[in-house]
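Open the model in your viewer and keep the selection tool ready.

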Amino acid sequence: MTQSYRITLLPGDGIGPEIMAVAVDLLKVIGQQQDLNFEFQEALIGGAALDAMGEPLPAQTLDLCRGCDAVLLAAIGGYQWDGLPRPLRPETGLLGLRARLGLFANLRPAQILPQLLDASSLKPEVVEGVDLMVVRELTGGIYFGEPKGIFTTELGEQRGVNTMAYSAAEIDRIGRVAFETARKRGGKLCSVDKANVLEVSQLWRDRITLLATDYPDVELSHLYVDNAAMQLVRWPKQFDTIVTSNLFGDILSDIAAMLTGSIGMLPSASLGAEGPGLFEPVHGSAPDIAGKDQANPLAQVLSTAMMLRYGLHQSKAAEKLEAAVLAFLEAGYRTIDIQSPGTTVLGCRATGDHLIDILHQSQPSSR
Ligand code: IPM
Ligand code: MG
């Protein structure tokens, strides 16, 4: 029997709609080939939602996301909304969606593809073979802690406040996801904190250390976040799985992304204890190239693969999509952000068309 899935599409802003179109075309082909039926429902988020409906996360969008099997998001944000009060900003829509869906675990893999060794700004011998996973806590920490705001003191001075706070339970649940993830990968987990200065990090370290007794097969280490940032660019191959808080994970995952040559290559999965997951590229909405057909849709395609694997448990379909991306690069095609001498540069749409051809070639009978 054909398995049916309802997918909520959130194209968002900037290059979002362009890269989402590629992902949807590919999903249709994968669906035919793997006997899967995808029912798509599209909704507004971020700046697009603000312009059309006056808020960055309309109730309708949230309802559609709650009632589906997986949410595929492209990107949000743009210069024109940067000056708005915080509740109206596109980012607030995304953070609200993560929080309201309870997506506390954010998986951000960074893998160097041999075809893209040249695209990295680091030496090939440093990045060759890098294969790591950042497990970022996504619904707590300084992003959500109270009190927060810009207050005026009795002396009339403005004061900006955010609060970095974690409960033991919040640390434990992301810790368990990280230990399980490390167990399925190389068996090594590095927990990143700032326990030499921050109390919240001391609790983080204590809880992760306690949890380790349940996972004797996983080798646990700890690093301070400043050292971790340095080690990531010094010798990234020492890492297998990294677990860290919301803010540190935001920063470290950008560094990890750049090891691979372009942030345009990195997918992510955000998962909760139950309900649909959210799958989105690590990169932003790149307003400077929006509408120019220059965007790299590969992170969106790889996020779609993560959706198939982690959200819908269709690992065969996920592998097909990932293999198509590899074959595309192997054939010497690149988007502008990852180009190198001797490669053929394609736009966003042509990249999608080539990927579709590759999928068809891998299964000639489906033509
Ligand atoms: C990310 C982004 C977001 C974050 C922004 C857009 C709110 O940088 O997904 O890494 O800070 O989490
Ligand atoms: Mg970020």
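How are H10 and H11 oriented to each other, roughly parallel or roughly antiparallel? Before selecting, note that this is a predicted model, where local features need pLDDT of at least 70, side-chain atom pairs count only at pLDDT 80 or more, and totals for chains, interfaces and linings use all residues. Residues are numbered from 1 along each chain as its sequence is written, chains are lettered from A and ligands numbered from 1 in the order in which they are written, and side-chain values use heavy atoms, with hydrogens and water left out.

**Stop 1: H10 and H11**

Select residues 298–311 for H10 and 315–330 for H11. Helices (H or I, at least four residues) and strands (E, at least two) are DSSP runs, numbered from the N terminus. The two axes come within 7 Å and cross at roughly 160°. Axes are lines fitted to C-alpha atoms, for helices over the stretch in contact, with angles from 0 to 180 degrees between N-to-C directions. H10 and H11 are therefore roughly antiparallel (angles over 145 degrees). Their crossing is left-handed (the near helix is turned anticlockwise from the far one by less than a right angle; clockwise is right-handed).

Now show side chains. On H10, the residues in contact include Leu-298, Val-301, Leu-302 and Leu-308. On H11, Leu-321, Val-325, Phe-328 and Leu-329 are among them. Contact means heavy atoms within 4.5 Å. By class, this contact has eleven nonpolar, two polar and three charged residues (Ala, Val, Leu, Ile, Met, Phe, Trp, Tyr, Cys and Pro are nonpolar; Asp, Glu, Lys and Arg charged; the others, Gly among them, polar).

**Stop 2: H1**

Select 16–34. H1 reaches 26 Å from its first C-alpha to its last, close to the expected 27 Å (1.5 Å times one less than its number of residues). Of its 19 residues, 14 are buried (under 20% relative accessible area, 1.4 Å probe, protein chains only). Step just past H1 to Asp-35, which takes a positive phi of about 60°.

**Stop 3: H1 against H11**

The axes come within 11 Å and cross at roughly 130°. H1 and H11 are therefore oblique to each other. H1 passes H11 in a right-handed crossing. Leu-26, Ile-30, Gln-33 and Gln-34 of H1 meet Lys-316, Ala-317, Lys-320 and Leu-321 of H11.

**Stop 4: Ala-295**

Select Ala-295, in the loop between strand E12 (277–281) and H10. Ala-295 counts as buried because its relative accessibility is 0%. Among the residues that Ala-295 touches are Ile-15, Glu-18, Ile-19 and Cys-348.

Conventions:
Angles under 35 degrees count as roughly parallel, over 145 as roughly antiparallel, 65 to 115 as roughly perpendicular and the rest as oblique. Buried means under 20% relative accessible area, exposed over 50%, partly exposed in between (1.4 Å probe, protein chains only). Lists of a residue's contacts leave out its neighbours within four places in sequence.
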